[in-house]
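I opened a new model today and kept short notes. Here is what I looked up.

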Amino acid sequence: MLIAELIAPREMRLVEQEIDDPGPGEVQVRVKAVGICGSDLHSYSEGGIGDMACQYPMVLGHEPSGTVVKTGAGVTGWSPGDRAALEPALYCYHCEFCRTGHHNVCADIRFLSNSGTRASSASS
């Protein structure tokens, strides 16, 4: 897979990277489009968002959509060729908010492509 990585403020590089097969409960999606939002622009131009500095290298764009390529063991409801839009938030599923169904205010929420998060698969 060809990846455009941000390696410093306003500095990108293209790298080739192997992709692992999806693990149990994961799907692999070939990204066709990705949204670029304000947090991506701050990361690119300023090297961080507020007081949260970028951890390089990182891939900008955490609002992807594309086509399912492979599914891992135990995945149901998804097949290669299905179109998918990925939820960019990575929830902990253990805090009080997650346990009560309020994932959007997860105490340990992270987002795809932020603070060193590099995901080649997404949980189903």
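I looked up E5 and found it opposite R13 in β2. I took strands (E, at least two residues) and helices (H or I, at least four residues) as DSSP runs, numbered from the N terminus. The model is predicted, so I noted its terms: local features need pLDDT of at least 70, side-chain atom pairs count only at pLDDT 80 or more, and totals for chains, interfaces and linings use all residues. Residues are numbered from 1 along each chain as its sequence is written, and side-chain values use heavy atoms, with hydrogens and water left out.

Next I checked the pairing. Strand β1 (residues 2-8) and strand β2 (residues 11-16) run antiparallel, joined by six bridges. Two strands pair if DSSP finds at least two bridges between them. I then read the turn. β1 and β2 form a hairpin with two residues between them. R10 in that turn has a positive phi of about 65°.

**Helix α1**

I found D40 in helix α1 (residues 38-46). Is D40 buried or exposed? D40 is buried, with a relative accessible area of 2%. Buried means under 20% relative accessible area, exposed over 50%, partly exposed in between (1.4 Å probe, protein chains only). The side chain of D40 reaches the backbone nitrogen of G61 at 3.0 Å.

**Cysteines**

How many disulfides are there? I counted zero disulfides, a disulfide being a pair of cysteine sulfur atoms within 2.5 Å. C92 is buried at 18% relative accessible area, and C106 is buried at 6%.

Conventions: Polar contact = N/O pair within 3.5 Å; in protein donor to acceptor, adjacent residues only side chain to side chain.
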